[in-house]
Amino acid sequence: MKTFVRLILLLSVITLVSCKNESKNNVVLAKKIQYDVSIKSPDSNYDWWIQNLVGPERERFTELIFDAVLSNKIQAYDYFNKPISANDINKILYDTTYTVLQRDYPPFEEYDTLYVKQIRPVDIERIRFLEEWKIDTTSLQVEKKVFGIAPIIKEVDDNGNFRGWYPLFWIYTDKEFTKQMSKAYSK
């Protein structure tokens with residue numbers, strides 16, 4: 001029994017020492033880094049796992065984000081890191097455009113048209129991450145801590161031309177980061 005207890009103590013000490021050494025070897029590679037990740041493959045010729053989450057997982061992930069902000073379980077923020085409400089999110093997700101068109105046959109009369117475009121979780125092809133990266137200088141193992149997530153929408157003009165990728169809103173996953181951000185933007 002004493003041998004077993006000694007073995008447990010020895011393993012505990014080794015674990016504690018290795019954890020201390022591991023933290024000494026961890027160096028911050030980037031305090032803040034932001035980048036987009038495709039979650040829906042832009043090319044059907046790629047292997048299924050390249051720049052792609054399988055449909056049900058992708059939809060579950062984006063629905064989780066939408067549901068959390070629309071039900072006020074998680075605070076959403078705009079591009080300038082100002083809090084926005086679920087009502088604001090709904091306005092972002094529904095784009096209504098009023099336009100006057102002209103018929104292409106005589107007498108070429110004008111008519112009013114209302115376009116309503118809804119952005120749904122299934123429409124999200126990319127996610128933007130805001131993270132901190134640390135690297136273990138011994139093993140080169142990279143540790144990432146996610147601070148923020150933004151669903152990204154592909155913007156096209158009325159003629160179908162690609163205009164760019166835009167974040168709909170941000171959610172922040174780290175309370176300390178959110179506090180620091182709020183202080184920085186309130187000055």
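Reader: Which residue stands opposite Ile 149 in β9?

Author: In this predicted model, the residue facing Ile 149 is Ile 171 in β9. The two strands, β7 and β9 (residues 170–172), run antiparallel and are joined by two bridges.

Reader: How many bridges link β7 and β8?

Author: Five bridges hold β7 and β8 together, again in the antiparallel sense. Within this pairing, Ile 153 stands opposite Tyr 166 in β8. These two strands form a hairpin with five residues between them, and Gly 160 has a positive phi near 85° there.

Reader: What is the sense of the pairing between β6 and β7?

Author: Strand β6 (residues 126–136) pairs with β7 in the antiparallel sense, over ten bridges. A hairpin with five residues between the strands is formed by β6 and β7, and Leu 140 in its turn shows a positive phi of about 60°.

Reader: With which strand does β1 pair over ten bridges?

Author: The partner of β1 is β6, and the sense is antiparallel.

Reader: Why is β6 described as largely enclosed by the rest of the structure?

Author: The general idea is to count how many residues of a strand are buried. For β6, eight of the eleven residues are buried, so the strand is largely enclosed by the rest of the structure.

Reader: How should I think about the side chains along a strand?

Author: In a regular strand, side chains alternate between the two faces of the sheet.

Reader: How many aromatic pairs does the structure hold?

Author: There are seven aromatic pairs. Consider the rings of Tyr 35 and Trp 133: their centres are 5.9 Å apart and their planes meet at 65°, so the pair is edge-to-face. Because Tyr 35 belongs to strand β1 (residues 26–38) and Trp 133 to strand β6, the pair ties together parts that are 98 residues apart in sequence. Tyr 35, Phe 129 and Trp 133 make up one aromatic cluster.

Reader: What does Tyr 35 count as at 22% relative accessibility?

Author: One compares the value with the cut-offs: buried means under 20% and exposed means over 50%. With its 22% relative accessibility, Tyr 35 counts as partly exposed.

Reader: Which residue lies over the face of Tyr 111?

Author: That residue is Arg 103, at 4.2 Å from the ring centre.

Reader: Finally, how much space lies in the largest pocket?

Author: The largest pocket holds about 520 Å³ of space. Its lining comprises 17 residues, and the closest to the centre are Asp 95, Thr 97, Lys 117, Glu 155 and Val 156.

Reader: Which strands each supply at least two residues of that lining?

Author: They are β4 (94–102), β5 (110–118), β7 (142–156) and β8 (162–167). By kind, the lining divides into nine nonpolar, two polar and six charged residues.

Notes
Residues are numbered from 1 along each chain as its sequence is written. This is a predicted model: local features need pLDDT of at least 70, side-chain atom pairs count only at pLDDT 80 or more; totals for chains, interfaces and linings use all residues. Side-chain values use heavy atoms; hydrogens and water are left out. On a 1 Å grid over the protein atoms alone, a cavity is a set of points where a 1.4 Å probe fits but cannot get out, and a pocket is an open set with protein on both sides within 12 Å along at least five of seven lines; lining residues have an atom within 4 Å of a point. Grid points are joined across faces, edges and corners, and a volume is the space filled by probe spheres set on the points. Helices (H or I, at least four residues) and strands (E, at least two) are DSSP runs, numbered from the N terminus. Ala, Val, Leu, Ile, Met, Phe, Trp, Tyr, Cys and Pro count as nonpolar, Asp, Glu, Lys and Arg as charged, and the others, Gly among them, as polar. Two strands pair if DSSP finds at least two bridges between them. Rings of Phe, Tyr and Trp (its six-membered ring) pair if their centres lie within 6.5 Å; planes under 30 degrees apart count as stacked, over 60 as edge-to-face and the rest as tilted. Buried means under 20% relative accessible area, exposed over 50%, partly exposed in between (1.4 Å probe, protein chains only). A charge sits over a ring if NZ of Lys or CZ of Arg is within 6 Å of the ring centre and within 35 degrees of the ring normal.
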